[in-house]
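My notes are set down below in the order in which I looked.

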Amino acid sequence: MKNYDAKDIRNIVLAGHASKGKTTLAEALLSCAGATERFGKVADGTTVMDYDAEEKKRGVSISSAVAPVEYKNKKINFIDTPGLFDFEEGAAEGIRAADTAIIVVSSRTGLAVGAEKAFKNAGSRNMARIFVTTKMDDERADFYKAFNGIVAKFGTMVCPVVVPVISGGKVAAYYNMLTGKAFSYNGTKATEVACTPDDQARFDAITEVFNEAIAGTDEEIMEKYFSGEELTAEDKIKGVRIGLADGTIIPVFALSGITGEACDQLLDFIAEACPAPKSEYAICNDEPIELVPDVNGPLAAICFKTVADPFIGKLSFFKVLSGKLAQGTVAYNANKGTDERMGKIVTMFGAKQMDASEIPAGDIGAVVKLSNFNTGDTLCAADKIIKADGVAVPNATYTMAVNAVKKGDEEKIASGLSRLCEEDPSLRFTTNNETHQQLISGLGEQQIDVAIAKLKSKFSVDVTLSVPKVAYRETITTKVSAQGRHKKQSGGHGQFGDVHIEFEPCDCERLEFAERVVGGAVPKNFFPAVEKGLNECMDRGVLAGYPMVGVKATLYDGSYHPVDSSEMSFKMAASLAFKEGISKASPIILEPISTVKTLCNDDAMGDVIGDINKRRGRVLGMTPVGDGMQEILAEIPDAEMATFSTSMRQITQGRGSFTMEFARYERCPEHIAQKIIEESSVE
């Protein structure tokens, strides 16, 4: 495939809700452009875009995929993205690399939450946006119902471009508002026909909607329209180009991805009207710089996707924002502060690698086996260090503990999951030093399930999942005194240490040690041993074995033997005093409390508050944040947060999100504390 100037490149992301036909549409577009000989099918695992083994097994997209085509002297890079909320990282990758978002909506079920989110995310990057109502071959399809739903949500900027001609209750043809022509289809083969809809009045009304939208984009076109002069095809395409680029027009296309009907009209539109890669701002030496997609500009390339595979090696997908990236080039990684020598550079067609000598500004490629070039990193020249915006990585909110099936596999688990986290930055792998558990965090159950399946297939490590342990604490509530006396005679020198220690609650993170010994009852050189003995005991409380906090221990008396006393003897004596004293000081269990900020739609606010209350949470306040959303501030015990992510998604239908941050420890309710103690005794 030859190199194209930036003005002849179109980077298109297919986004939207799950199971609405994105991958099927991608197959139809690739076939219509002549890039494939036949349509692949998701159900058969034969699509170009869903090439991963897990995607084929599950029948859904779980990561973004790229496939370029050459069409009408343009290069179009299609980026197919997942619609499931568990794999939002894939959608974020596609949106970062593209300049136009095609948001796929089913003409059968209408606008869905995933389409709304895709529209918003694309808008946040000032991208051109197009709605496609697919599945028009379905007998239950209703284009006008789907179109009205889009208009109701996004207003008058929604503009019909290709609409179905309904005759006899069925789709007889597709009418293109730009050309004023209607075409019937036999698969992807188009035949021009007369436009004779059943409901001429409704058809005329939607045509008027198109003309008004076009007229609003340009003063010259507006004057022609209001003077009653008929708009030419050139006027219409000019108006659409202007409106699409500045976001005042959101075109809508009706088609069928399954049969390929009207997909050629969408391809024509992409080539003629969609914007080429545009300038964007980045940071150079702490100052903003405008990166123009020019091969002669300073080098800047952003990594938007990483594939980590133990067999084929690491593959880093990138978009060149300025300059060009060629094989053998030595570039500077602005995020890592290291030089990177470009190895083999390729363009990707699904899973297929096609060699490329260089990737020019505006285009998309991949580099093989570049160890430090990860998602979000910018490559640039060492003498002009540039950092571009990275990928908007969604926050991980669902955590599970990873348990090795085979003993001793913990290091292999850590290595494998770390590699998978490189591939998917929305995954997070950590080891909790308190609970000694390996934890994996992500966006939901399916994402974690896929990660575990990949861990087994790619790295040959078998694991099970469990709910993570909660890092509880223990403390005391009353003031007591206790004696610890350690005496042992075993021939020769014996062991003797005797301490009297006062224990009381204290506002400190761990142990506060003090002494008020008088008369040399305990020599000063043994004080550190007493403190050390107490500190070691603080690691394991007397109720359920959790670390202790908030204890003040005051050494006030004791005795010693001039020969048998030693540091070890006093350390043991302090330990005995601790066990006796803490047991009498009304010990309690403390649980971690987190501050949770929940963003939800107005309709779901009552149910979200109800769910927070069920989790023993306290709602602290609610704040409207616009666009029909509310922010709920609450405090919830960590022990109740395991399923909060799943519940939030169900209650808000995927519109909601939340963040949590540790706030403090609080006394655990008695009935829950008793259960914790019982569980610890079983362990």
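These entries go from the whole chain to single elements and residues.

**Entry 1: the chain as a whole**

I note at the start that this is a predicted model. I counted 16 helices and 36 strands in the chain, and I found that its C-alpha trace spans about 110 × 55 × 50 Å along the principal axes. Of the 683 residues in the chain, 53% are buried. For the accessible surface I noted a value of about 30100 Å², with 48% of it belonging to carbon and sulfur atoms. I also looked at contacts between residues at least 6 apart in sequence, and 71% of these join residues at least 24 apart.

Just after H1, Gly 34 takes a positive phi of about 85°.

In the loop between strand E1 (9-16) and helix H1 (22-32) I stopped at Ser 19, whose phi is near 65°, a positive value in a residue other than glycine. I had this in mind because most residues other than glycine have a negative phi. Ser 19 is exposed, its relative accessible area being 58%.

**Entry 2: helices H6 and H7**

I then took up helix H6 (residues 200-215) and helix H7 (residues 219-226), whose axes come within 8 Å and cross at roughly 140°. That angle makes H6 oblique to H7. By class, the contact of H6 with H7 has 5 nonpolar, 1 polar and 2 charged residues. On the H6 side I listed Glu 208, Asn 211, Glu 212, Ile 214 and Ala 215, which meet Ile 221, Met 222 and Tyr 225 in H7.

**Entry 3: the sheet of E12, E11 and E23**

Which strands stand at the edges of this sheet? I traced an open sheet of 3 strands in the order E12-E11-E23, with antiparallel pairing. Strand E12 (287-291) and strand E23 (386-387) stand at the edges, each with a single partner strand, so one side of each is left without a neighbour in the sheet.

E11 pairs with E12 in the antiparallel sense over 5 bridges, and within this pair Ala 282 stands opposite Ile 289 in E12. The hairpin of E11 and E12 has 2 residues between the strands, and there Asn 285 takes a positive phi near 55°. Strand E11 (residues 280-284) also pairs with E23 in the antiparallel sense, over 2 bridges, and Ile 283 stands opposite Lys 387 in E23.

**Entry 4: the sheet of E29, E30, E32 and E31**

A further open sheet has 4 strands in the order E29-E30-E32-E31, and its pairing is mixed. E29 and strand E31 (511-515) stand at the edges, each with a single partner strand, so one side of each is left without a neighbour in the sheet. Neighbouring strands of this sheet are turned by 25° against each other on average, direction ignored. I followed the antiparallel pairing of E29 and E30 over 9 bridges, where Lys 487 stands opposite Phe 496 in E30.

Two helices lie across strands of this sheet, and I looked up each in turn. Helix H12 (residues 527-537) lies across E30, E31 and strand E32 (551-559), running at about 155° to E31, whereas helix H13 (residues 567-584) lies across E29, E30 and E32, running at about 35° to E30.

What does His 493 touch, not counting residues up to four places away in sequence? I found Val 563 and Asp 564. His 493 and Asp 564 are 71 residues apart in sequence, and their C-alpha atoms are 5.7 Å apart in space. His 493 is in the loop between strand E29 (480-488) and strand E30 (495-505), and at 61% relative accessibility it counts as exposed.

My last stop was Asp 627, in the loop between strand E34 (618-626) and strand E35 (629-637). Asp 627 has a positive phi of about 60° although it is not a glycine, and at 62% relative accessibility it counts as exposed.

How values were computed: Residues are numbered from 1 along each chain as its sequence is written. This is a predicted model: local features need pLDDT of at least 70, side-chain atom pairs count only at pLDDT 80 or more; totals for chains, interfaces and linings use all residues. Side-chain values use heavy atoms; hydrogens and water are left out. Axes are lines fitted to C-alpha atoms, for helices over the stretch in contact, and angles run from 0 to 180 degrees between N-to-C directions. Angles under 35 degrees count as roughly parallel, over 145 as roughly antiparallel, 65 to 115 as roughly perpendicular and the rest as oblique. Contact means heavy atoms within 4.5 Å. Ala, Val, Leu, Ile, Met, Phe, Trp, Tyr, Cys and Pro count as nonpolar, Asp, Glu, Lys and Arg as charged, and the others, Gly among them, as polar. Buried means under 20% relative accessible area, exposed over 50%, partly exposed in between (1.4 Å probe, protein chains only). Accessible areas come from the Shrake-Rupley method with a 1.4 Å probe; for residues, only the protein chains shown count as cover. Two strands pair if DSSP finds at least two bridges between them.
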